[in-house]
Amino acid sequence: MAKNKMATIPILKSYNLKCHTIDSEKINVHLIPHSHDDVGWLKTVEEYYYGKHDEIQNVGVQYIIDSVLQALKRDPRRRYIQVETAFFWKWWGYQKDDKRKLFKSLVENGQIEMVGGGWSMNDEACVNYQSTINQFTWGLRLLNDTLGECGLPKIGWQIDPFGHSREQASIFKQMGFDAFFFVRLSKSTKDERKENADLEFLWKSSDSLTIFLLVFFQPTYTLLQMIFCWDYLQCSSDAINDDPESFEYNLDHKVEEFSEYIANYSKYYKTNNILFAMGGDFQYQAAERNYINIDRLIKGFQDHPDYNVFYSTPSCYYKAVSENKPNLTTFSDDFFPYAENNHAYWSGYYTSRPTIKRFERSGNNILQASQQY
C-alpha cells in the first residue's frame, strides 16, 4: 500500500452549511439517513421508480422521495441525503410547483444534502473515464437547473462500487468536490488502516490534486441493518420504546447497545467525529418509521457524558473533521483489485461480460462523435 508523508487536511470551501452543534469534549456521532437506489439492478429503472414487479424486489423510488419530504417537514432537526440524479430527475418532472418548492426549501435549509450528483453511482473499475465525466456532466447540469447553487454536491458518495480508482478521485477534485466517501476496500487493506486509525486520509490523484477520503469502518454500508434499522424492508430491529412507564421500555438498552458500537469504532479515526450511515438499499419508502426511531435514539443520548449523537450530512461531517485539523497520511495509487475477504478477489469482475463492456465503449464513441456537431 503506497503511502507518503503526513499532510494536513484541505480547508473546507466556503459555502453555507446548517449543521448541528459539535461538542469538543465528547465523541460526536453523525447519523446520516440515506437510501441507496441502484439505477438498474434486479429491475429496470422504470420498474424501480414506479414500484413494478414487487415479486422481484419490493421497491418504488417515487415513494421514497415523497415519504422523506413529509418526514423532514415534520421536524427541522432531521436530515437526508439524495444521491442518484436519475431518480430525482424523474420524480421532479412529475411534481407540481408546491412539491418542488418544498424540496428546494429543504435543500436550502440544510435538511436535504445532494451528494454524488451523477446520473448514477458509477462503476470505477471497468467504465471508461469519458463515460464517468459524461454522466456527471448530465447529472450536475440537471441539479443546477432545478435546485441552483445550493443543490450542487461537494461530496463524492461511492458506497457501492467494487474497488476504487485514482481517476475517480481526480474527477471529483476537478469538479470542485471537497471529499470522497466510500466503503469497499480490500479486507487486508481496510484491516491495516483500521489498526493504524487511518480510515481518513488524503488521496493524491496527481502532483497537484489532493482530495479528502473517508472510508466507512464497516465492511458494507448496511452493517447496522439488523440492529439499528427500522425500515420495513430488510430490517428486524425492535422499535424503540421511550415510555418509562411501559413494560416494553427499551430505550436505555438501545442506548447501551449503540454506545458499544461507538466505543469500538471511534478508535479507528483521528478526530472525535464518527459517521454512521443509517439506511440501505431502497429504504425510506415509509420514512417516518425510520425517523421516529432515530429521533428516540438521539433522545436517549441527551446529556450523555461521553457521546453527542445527532442528525448530520457528509458535508457537516467533513466540516467537523476539518476544524480539528488532523495530520493525515497520503495515498497515490488505485484500490484494485478489490478483495471482499482474504480468499475472494474480484479480479474476474474486470474481465467478465465483454459484450456489455464493448457496448458501453461503442455507445460512448457514438456520444463523443455526436458532441462534435
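Let's start at aspartate 303, which counts as exposed because its relative accessibility is 76%. Here, buried means under 20% relative accessible area, exposed means over 50%, and partly exposed is in between, with a 1.4 Å probe and protein chains only. Aspartate 303 sits in the loop between H9 and strand E10 (307-311). The names come from DSSP runs numbered from the N terminus: helices are H or I with at least four residues, and strands are E with at least two.

Before going on, a word about the model. It is a predicted one, where local features need pLDDT of at least 70 and side-chain atom pairs count only at pLDDT 80 or more, while totals for chains, interfaces and linings use all residues. Residues are numbered from 1 along each chain as its sequence is written, and side-chain values use heavy atoms, leaving out hydrogens and water.

Now, back to the backbone. Aspartate 303 is not a glycine, yet its phi is positive, about 65°. Histidine 53, also a residue other than glycine, has a positive phi near 60°. Why mention these? Most residues other than glycine have a negative phi, and most peptide bonds are trans. Histidine 53 is found in the loop between H1 and H2, and it counts as partly exposed because its relative accessibility is 30%. Then look at the peptide bond from phenylalanine 336 to proline 337: it is cis, with omega near -10°. Proline 337 belongs to the loop between strand E12 (330-331) and helix H11 (354-370).

How do the axes of helix H2 (residues 61-74) and helix H9 (residues 287-300) cross? They come within 8 Å and cross at roughly 35°; axes are lines fitted to C-alpha atoms, for helices over the stretch in contact, and angles run from 0 to 180 degrees between N-to-C directions. On the H2 side, Ser67, Val68, Ala71, Leu72 and Arg74 meet Ala287, Glu288 and Tyr291 of H9, where contact means heavy atoms within 4.5 Å.

That brings us to charges. Side chains of opposite charge can pair when their charged atoms come close. A salt bridge here is a side-chain nitrogen of Lys or Arg within 4 Å of a carboxyl oxygen of Asp or Glu, and by this rule the count comes to 16. One of them joins aspartate 295 and arginine 78, at 2.5 Å from N to O. Aspartate 295 lies in helix H9 and arginine 78 in the loop between H2 and strand E3 (80-82), so this pair ties together parts 217 residues apart in sequence. Aspartate 295 is buried, with a relative accessible area of 18%, and arginine 78 is buried at 4%. Arg78 and Asp295 also belong to a network of salt bridges with Arg74 and Glu288.

Another salt bridge pairs lysine 270 with aspartate 198, at 3.7 Å from N to O. Lysine 270 lies in the loop between helix H8 (251-265) and strand E9 (273-281), and aspartate 198 in the loop between H7 and strand E7 (200-204), so parts 72 residues apart in sequence are tied together.

Last stop: tryptophan 41, in the loop between strand E2 (27-36) and helix H1 (45-50). Tryptophan 41 counts as exposed, at 53% relative accessibility.
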